[in-house]
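Please look through the structure below with the briefing beside it.

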Amino acid sequence: MMNQRLDSMRRCHPDSVKVFRYSGFMTGLFLIGISILYLLIAKWKHWIFMPGWIAIGLSVLLLIWLTCFSPGISYRMFGFRVSEEELEIRSGWIWYTDIIVPMTRVQHVELERGPLLRKYNLAQVKVVTAATSHIIKALPLHEAEDLKRQIGDLAKVVEHDE
């Protein structure tokens, strides 16, 4: 049921998989580096090495997961829809999340572009409500700008109609 509804929703750009892979790779390398640092300190301070070796093993497994499997799954399981009354965001593959944000609750909309997103000319749109914020990730820049403006205009229109 979830996948059928996702098929009718808008998706993030296919280059988002590259961005997520690179980000996962950097996270894995960072954790491996911290584990190696522990081993060096353990040798110097005469601590036991086992925690460092376990951490390296787990970090390598996490690096493989974050670069090979997770990006594709995240891409396939994310979708969103914008209507005049609400924004719907669906995501998740173990725990499904289906969020409906009424336009009357939208306080402001932000466009965010980190270094990896800029490299692929992508951006993410953050929709902020009083309670939390919701992110529509990895859209082409022009599409993200249009979506930001569309949500902002719809939020204003709904507020003025009350």
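Strands S2 and S3 pair in the antiparallel sense over six bridges, where two strands count as paired if DSSP finds at least two bridges between them. This is a predicted model, in which local features need pLDDT of at least 70 and side-chain atom pairs count only at pLDDT 80 or more, while totals for chains, interfaces and linings use all residues. Residues are numbered from 1 along each chain as its sequence is written, and side-chain values use heavy atoms, with hydrogens and water left out.

**The sheet**
- Three strands form an open sheet in the order S1-S2-S3, with antiparallel pairing; strands here are DSSP runs (E, at least two residues), numbered from the N terminus.
- Strand S1 (79–82) and strand S3 (97–102) stand at the edges, and because each has a single partner strand, one side of each is left without a neighbour in the sheet.

**Glutamate 88**
- Glutamate 88 lies in strand S2 (residues 86–91), and its bridge partner in S3 is isoleucine 100.
- With a relative accessibility of 4%, glutamate 88 counts as buried (under 20% relative accessible area, with a 1.4 Å probe and protein chains only).
- The side chains of glutamate 88 and arginine 90 are joined by a polar contact of 3.0 Å, a term for a pair of N or O atoms within 3.5 Å, of which, within protein, one must be able to donate a hydrogen and the other to accept it, and residues adjacent in sequence count only if both atoms are side-chain atoms.

Methods: Helices (H or I, at least four residues) and strands (E, at least two) are DSSP runs, numbered from the N terminus. Buried means under 20% relative accessible area, exposed over 50%, partly exposed in between (1.4 Å probe, protein chains only).
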